[in-house]
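Here is a short note for a colleague new to this model. Please keep the structure open while reading.

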Amino acid sequence: MSSVNERAAEVMEHLCTHSAHGYSQPNRAGVGTGGGRGETITLGDGTTVAISIGDRDCSSAAIECYAALGVDCGGATYTGNMRRCMVGTGNFTWVTDLSQRQRGDILLNESHHTAVFLGGGKLGQFSISETGGVTGRRGDQTGYESNIKAYYNYPWDGMLRYVGDESSPHPVVQPPLQSTSGKVEVDGLWGSATTMLAEIVVGAPWKDGTVSRQNPDHRWRMPGCTTGWEWGVGDGSGSPLIKALQKVWGADPDGIMGPDTINKMIAYYMAKGSGATVCDGKLDLYSLTIKQFQRELNAGRI
């Protein structure tokens, strides 16, 4: 069986050479950053890997190359937290000598961009949509939204190199646990840890850190909703956790985070002092509404 680094590089090669996978930030998918598993690919050693369908941005693609193999990436969601989250698992080390790059290394500029080194002087990356911006039609319309090209120095701050267990084809993924204090970071990003604490607070019988069965048409509204969200997976009947929260927020308990539910959530936490000033049907990155939600959860309430 091939090494984990080799298989990760093969996942990136697939993503960059199949037109179904274009560039998008608001509609990005990717196993490990909220995307469901909807496509199965076969690697060179005969193993199969399930990956997300649809578009990605640079970070969700790079993270998925390892997360789809079962590697714990520490809840990494974007270029700015990849180094901290991924090195923190012990599965990755940080390498600053770029001349020592190896196939499967994740090249990282922590402020702007990431790519996967493929060996042979090549790298794979997700670059830009067909509109020249961050969103567009689903799939690669230009043949360049995702691409393999000659290695270049972005410049890169360094590289993330997988150094975890090679003895198993599927390295163990640790669940996204809360801190020892039972609280979450008030960062305005609704990921798996925030979901798990919400499940605890509402007294749910399940505690898996997953918001299940969400409508992918609403994903663009919620860039602040990061890991553990299932978009277009299952029967579309919605999440039991969201149903419980909707009853508190005063929204129709259908289990789907749509614009009406988002506005009910925004208004609910505005009344609690979130600092938000408009009900615009969106939960942005570092959302004031999500921050207030996290503060309430840390206090043991909704």
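1. Start with T226. Its contacts, meaning heavy atoms within 4.5 Å, include T33, G34, T77, L189, W190 and G191, not counting residues up to four places away in sequence. T226 sits in the loop between β9 (211-214) and β10 (229-231). T226 is buried, with a relative accessible area of 8%. Buried means under 20% relative accessible area (1.4 Å probe, protein chains only).

2. A word on the source. This is a predicted model, where local features need pLDDT of at least 70, side-chain atom pairs count only at pLDDT 80 or more, and totals for chains, interfaces and linings use all residues. Residues are numbered from 1 along each chain as its sequence is written, and side-chain values use heavy atoms, leaving out hydrogens and water.

3. Next, the cores. A nonpolar core is a set of buried Ala, Val, Leu, Ile, Met, Phe, Trp, Tyr and Cys residues joined through side-chain atoms within 4.5 Å. The largest has 36 residues. M12, Y66, M82, M86, F92, I106 and L160 have the most contacts inside it. Helix α1 (4-17) is one of the elements that give two or more residues to this core. α1 gives the most, with seven residues. Apart from this core lies another, of 24 residues, among them W190, L197, A198 and W249.

4. Last, helix α6 (residues 259-270). Helices are DSSP runs (H or I, at least four residues), and strands are E runs of at least two, numbered from the N terminus. In α6, T261, I262, M265, I266 and Y269 are buried. Seen down the axis of α6, its buried residues fall within an arc of 140° (directions from the helix axis to the C-beta atoms), so they line one face of the helix. Their cover includes α5 (240-249) and α7 (288-298).

Technical notes. Buried means under 20% relative accessible area, exposed over 50%, partly exposed in between (1.4 Å probe, protein chains only).
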